Amino acid sequence: MCETDMVDAGEELVRSLLREQHPDLADLTLREVASGWSNQMWRLGEELAVRLPRTPSAPGDLRKEQRWLPALAPGLPLPVPVPVRIGLPSARFPRPWTVATWVPGEPGDRAPITRGRHAAGRLAVFLRELHRVAPAGAPIHRRRGVPLRSVAAEFETHVRNVAGSDVADGAREVWEQAVAAGGWQGRPVWLHGDLHPANVVISGGTLAGVIDFGELCAGDPATDLAAAWLLLPTCAAPSFFAAYGHVDEAMIRRARGWAVVRGLSLVGVGRAWDRGLPGGQPTWGRAGWAALGRVLACERVEAAAGEP
């Protein structure tokens, strides 16, 4: 998760891009807001946002959103950033960019979920609707929606982020159980692919929208079901899975494995910030540690419940 060639645009450049390609939007108010890993974000007026790729891999992800989100969004029960205008690469900015609908709320890495059961229900309904069988031409991702064995090297890299801590052994145990659970036997379904706190928005203490579909792909739904621990309060997973429905123990174990991988990765991004390295995010480490704590806390509760 470290790309050193990260480029940000200033207000003058963003304004000039709008004047050049979408002049009817150029006079709307413009202000920079919290950006994600791959894209810089500017709020445009009250209802729109400008997203500009800031890493070398981001343009491909942005084109994927431009291609698929307008078709997927009408069937989803929560707001998502639907592309409404496409910005073309130019001499001013050599990458594609997007004007999308603004999704109101606070980023989930900065605003806590306090209505856990309500958020669990909203997340379950959202994912149940998103997880439709994907068409043959849907994008495939080499690190999302795939058998967990395929990302074993990623796990080994990220688990070093917690080396020497009291969660390292527990994380490895959850990972090994997830790998042993076997792979997804169903048809590939649509996935968000990157459901961690910075990629959702919160309002009124509950889930209010889902953003950043750059990892959109088709594959095993367990990848997204990891959000039960990445997003929701401690031990809200049972009510989430009850609302989602049609899950078995193998799927839940794979989802735990994905939650561990993503949580470890978030810890790494937080440590990059602490060390002043490119790509670091100040709030992601805390989110990663919290997710790992939730996975392991629920493991302990369930283990105790099974004791005679």
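User: Let's start with C235: is this residue buried, partly exposed or exposed?

Analyst: This is a predicted model, where local features need pLDDT of at least 70, side-chain atom pairs count only at pLDDT 80 or more, and totals for chains, interfaces and linings use all residues. Residues are numbered from 1 along each chain as its sequence is written, and side-chain values use heavy atoms, leaving out hydrogens and water. Buried means under 20% relative accessible area, exposed over 50%, and partly exposed in between, using a 1.4 Å probe and protein chains only. The relative accessible area of C235 is 33%, so the residue is partly exposed.

User: Where does C235 lie, and what is its phi?

Analyst: Helices (H or I, at least four residues) and strands (E, at least two) are DSSP runs, numbered from the N terminus. By that numbering, C235 lies in the loop between α7 and α8. Most residues other than glycine have a negative phi. C235 is not a glycine, yet its phi is positive, at about 60°.

User: Which other residue, not a glycine, has a positive phi near 55°, and is it buried or exposed?

Analyst: Look at the loop between α8 and α9, where H246 is placed. Its phi is positive, near 55°, in a residue other than glycine. With a relative accessibility of 82%, H246 is exposed.

User: What is the relative accessible area of C217?

Analyst: C217 falls under the cut-off for burial, so this cysteine counts as buried. Its relative accessible area is 0%.

User: How many aromatic pairs are there, and what type is the one between W229 and F241?

Analyst: Rings of Phe, Tyr and Trp (its six-membered ring) pair if their centres lie within 6.5 Å; planes under 30 degrees apart count as stacked, over 60 as edge-to-face and the rest as tilted. The structure holds five such pairs. For W229 and F241 the values are 5.7 Å centre to centre and 50° between the planes, which makes the pair tilted.

User: Which helices does that pair link?

Analyst: The two residues are 12 apart, and the pair links distant parts of the chain. Both partners are buried, because the relative accessible area is 3% for W229 and 8% for F241. W229 belongs to residues 227–230 and F241 to residues 237–244, which are helices α7 and α8.

User: Which residues form an aromatic cluster with W229?

Analyst: F241 has already come up as a pair partner of W229. The one cluster they belong to has W229 together with F240, F241 and Y244.

User: What is the strand order in the open sheet of three strands?

Analyst: Two strands pair if DSSP finds at least two bridges between them. Strand β6 (residues 106–107) joins β8 (residues 200–203) through two bridges, and β8 pairs with β9 (residues 206–210) over four. β6 and β9 each have a single partner strand, so they stand at the edges. With antiparallel pairing, the order is β6-β8-β9.

User: Which residue in the turn between β8 and β9 has a positive phi?

Analyst: On the β8 side, I202 is the bridge partner of E106, and in β9 its partner is L207. β8 and β9 form a hairpin with two residues between them, and the turn residue with a positive phi of about 60° is G204.

User: How far apart in space are R15 and F240, C-alpha to C-alpha?

Analyst: R15 lies in helix α1 (residues 11–21) and is buried, because its relative accessible area is 15%. Leaving aside neighbours within four places in sequence, R15 is in contact (heavy atoms within 4.5 Å) with A26, D27, L28, T29 and L30. R15 and F240 are 225 residues apart in sequence, and their distance in space is 43 Å.
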